[in-house]
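Subject: Structure handover

Hi,

Here is the structure we talked about. My notes follow below it.

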Amino acid sequence: MKKKWKILSVLFLLIAVKGCISFLTGGYSDEVYTAFSTSPGYMIDNHIVFLASYRLFRQPEGLRRFPDGGRSKRVFEAVYLVRMKSSGSAEVSVIPGFALSDSDIKYTRCKKYSGRIFLLATEIGGKRYYHINLSSGKSRPVEVDPDESLKGDFMEPGNTISETKTSFRDLFSSGIIPSPLDYSGKRRKQFIRDVVELKGDFYYRSAVIDTLTDLEAGKLLDKMENYENSLKKGKLEYSIYSEDTINYIKKRSGL
């Protein structure tokens with residue numbers, strides 16, 4: 001019996017130590033965050049065509065955030081070729097072959113070349129350049145920057161980066177691209193609670209809101225108001241930081 005209790009005591013101690021180490025070192029956020037960037041858009045065959053870099057990740061927590069904020073844990077990443085029609089519908093395809101290390105779209109040029117049209121993009125920090133064939137949707141790395149690799153007259157953008165960001169953001173609720181909720185592994189009630197408590201980023205919360213009916217959206221506004229009123233401190237901060245989320249709820253539900 002004593003031997004059995006010693007074994008149980010050792011097991012309990014090991015579990016406790018493991019828990020303490022996990023608590024001290026930290027892990028990653030339960031909520032999944034979103035980062036994306038886009039190129040300018042170019043009018044080609046009656047479509048606005050642009051590139052979009054899209055990443056979903058978990059934020060580091062605890063000691064994982066030191067000394068410089070830590071490294072996030074990526075759960076999905078891709079570079080898309082987006083073709084927007086004037087009606088607002090879109091064709092979206094993944095471009096293979098990119099080295100996706102912080103692959104925000106930094107520099108883009110577009111030109112008709114040997115009867116084919118290319119978009120050219122680089123990654124932030126890496127100075128890696130690509131030719132993207134818009135006919136085949138394939139990419140290949142090149143060693144020199146866009147101005148050197150394709151000299152001559154480039155096409156003028158038809159849409160600014162701000163406009164293509166808005167167009168790509170509008171696709172988040174379409175089901176065409178992965179949602180942060182796909183990787184969160186939470187129940188519906190917890191998603192609602194996360195919105196009320198302003199957990200995650202705006203894109204995480206808006207993804208939850210996109211799943212709600214108008215009736216559920218109205219109830220969510222009531223829950224957020226009750227939560228704010230229940231706070232003993234931090235009401236002003238909550239009021240400020242919840243404004244975008246509340247406005248999005250009203251916009252989506254027509255309230």
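Helices (H or I, at least four residues) and strands (E, at least two) are DSSP runs, numbered from the N terminus.

Before the rest, the ground rules. This is a predicted model: local features need pLDDT of at least 70, side-chain atom pairs count only at pLDDT 80 or more, and totals for chains, interfaces and linings use all residues. Residues are numbered from 1 along each chain as its sequence is written, and side-chain values use heavy atoms, with hydrogens and water left out.

Helix α8 itself covers residues 243–253, and Thr245, Tyr248, Ile249 and Ser253 are buried in it. Buried means under 20% relative accessible area, exposed over 50%, partly exposed in between (1.4 Å probe, protein chains only). Down the axis of α8, the buried residues fall within an arc of 115 degrees, so they line one face of the helix. That arc is taken from the directions from the helix axis to the C-beta atoms. They pack against α3, α4, α5 (202–209) and α6 (214–230). Contact here means heavy atoms within 4.5 Å. Asp244 and Lys251 are exposed, on the face of α8 turned away from its buried side.

Next, Tyr241. It sits in helix α7 (residues 235–241). Its relative accessibility is 60%, so Tyr241 counts as exposed.

Now Thr38, in strand β1 (residues 28–38). It counts as buried because its relative accessibility is 2%. Its side chain reaches two backbone atoms: the oxygen of Ile161 at 3.5 Å and the nitrogen of Lys165 at 3.4 Å. For such polar contacts, the pair is N or O atoms within 3.5 Å; within protein, one must be able to donate a hydrogen and the other to accept it, and residues adjacent in sequence count only if both atoms are side-chain atoms. Neighbours within four places in sequence aside, Thr38 is in contact with Phe50, Leu51, Ala52, Ile105, Ile161, Thr164, Lys165 and Phe168.

Last, Ser184. Where is Ser184 placed? In the loop between α3 (161–169) and α4 (188–196). Ser184 has 10% relative accessibility, so it counts as buried. The Ser184 side chain reaches the backbone oxygen of Pro180 at 2.9 Å. Beyond neighbours within four places in sequence, Ser184 is in contact with Asp30, Val32, Arg58, Phe191 and Tyr204.

Best wishes
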